[in-house]
Amino acid sequence: MTYFRKNITEMKGYTPGFQPAGSDVVKLNTNENPYPTSPAVLETLGSFDPEQLRRYPQPMGEKFRETAAEVLEVRPENIMCTNGGDDLLTICFRAFCDSRHGVAYPGPTYSLYPVLAKLQNCAITEFAFNDPDLFTKLADNGAALNILCNPNAPTGALITADQMSKLAGKLEGILLIDEAYTDFASENCLPLIADHDNVIILRSMSKGYSLAGIRFGFCIAQPTIINELMKVKDSYNVDAVAIEVASAAFADQSHFAQNVKKVIDERARLTSELRDMGLEINDSQTNFVLAKCIDQNAGDIYEKLAAKNIFVRYFNLEGLTDKLRITVGTPQQNDALLSALKEIGK
Ligand SMILES: Cc1ncc(COP(=O)(O)O)c(C=O)c1O
């Protein structure tokens, strides 16, 4: 006897990355930024008016919409604030997918997509990222919602804005471009929203802005799309503290750019040192690298690292069982990882 819908009892929930307790751990498993957020955030928290806690927050996070619109050179009407990028994904699945309207995406990719699809009871069409006919197949598949994670997680690969624009022009359904990791990439798809009324761009404050704990994301699209998505979101999906904090961090583009540069520089060093150790790594456009383990089982390496309080991500999923996803840390964290890998003979 169950009270739940069949698709709920039959599905597995999303498995979030392990959050180890204690400060003596090297945490390279959930793609957080290793550097602190903007000092402007601390000032904002220090001067936060408690009266704002008694009241409901701005339903549309107007302060953030205005701040982001100015930086990104779009209009506030092009932006919807969300409770992390994940909230936008939920909103899109609720808005576009049901038992008659499916989702399509190339994999391997973010493991939350199939979970949300199962909640909506919608059909999933999964293509292979390395399929030479990927774009033709996507263009012809007829799904209501097409998701391209760009740069992709967990592979770190980037599809160019030009390729993405051609795809958007051919699709009948929505093209949701998940740009959670775009802060570390050489280009992004923001310009596409001017010409395509079916493109939604997801952004996150968790990565480049070091604010994973505050849960803030947003999307950029044409106002016709934003207005409909607004109907689907929770009335107050971003809280008063988060709006202030996210606005302060986004306004401080210079602190953001410095942190991003440090991560990108370390990404290059980590990639090259891991390659020297014999691990196979494709160039990454994100704040993590996906390392293919050659001499030892990836699951075993994961366990041995965890025993040394070094946490990376291992996915027991098709196409990923021989790989470890490693977040780019500070130089000290990366050194700790590299020496631990040497000790365990990786
Ligand atoms: C590909 C991808 N999209 C979206 C998200 C959502 O990020 P958040 O909800 O922290 O903004 C993540 C989080 O790691 C992600 O990896």
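**Entry 1: domains.** I kept in mind that this is a predicted model. I looked up the domain assignment and found domain 1 as 6-36 + 254-343, with domain 2 spanning 39-252. Taken over C-alpha atoms, I get 24 Å between the centres of the two domains. Their contact draws on 29 residues from domain 1 and 24 residues from domain 2.

**Entry 2: the domain 1 side.** Which elements give two or more residues to the side of domain 1 that touches domain 2? I noted helix H11 (253-276) and strand E10 (288-292). H11 provides the largest share, with 7 residues. Sorting that side of domain 1 by class, I have 14 nonpolar, 13 polar and 2 charged residues.

**Entry 3: the ligand.** I then turned to the 13 residues around the ligand, where Gly 84, Gly 85, Ala 180, Ser 204 and Ser 206 come nearest. I wrote down the classes in this shell as 5 nonpolar, 6 polar and 2 charged.

**Entry 4: two helices.** How do the axes of helix H5 (residues 85-96) and helix H9 (residues 223-232) cross? I have them coming within 9 Å and crossing at roughly 95°. An angle from 65 to 115 degrees counts as roughly perpendicular, so H5 is roughly perpendicular to H9. On H5, the contact uses Ile 91, Arg 94 and Ala 95, and H9 brings Glu 228, Leu 229 and Val 232.

Key:
Residues numbered from 1 in each chain as written. Predicted model: local features only at pLDDT ≥ 70, side-chain atom pairs only at ≥ 80, totals over all residues. Domains from an automatic or database assignment. Contact = placed C-beta atoms within 7 Å. Helix = DSSP H or I, 4+ residues; strand = E, 2+ residues; numbered from the N terminus. Nonpolar A, V, L, I, M, F, W, Y, C, P; charged D, E, K, R; others polar. Near = placed C-beta within 6 Å. Axes fitted to C-alpha atoms, helices over the stretch in contact; angles between N-to-C directions. Parallel < 35°, antiparallel > 145°, perpendicular 65-115°, else oblique.
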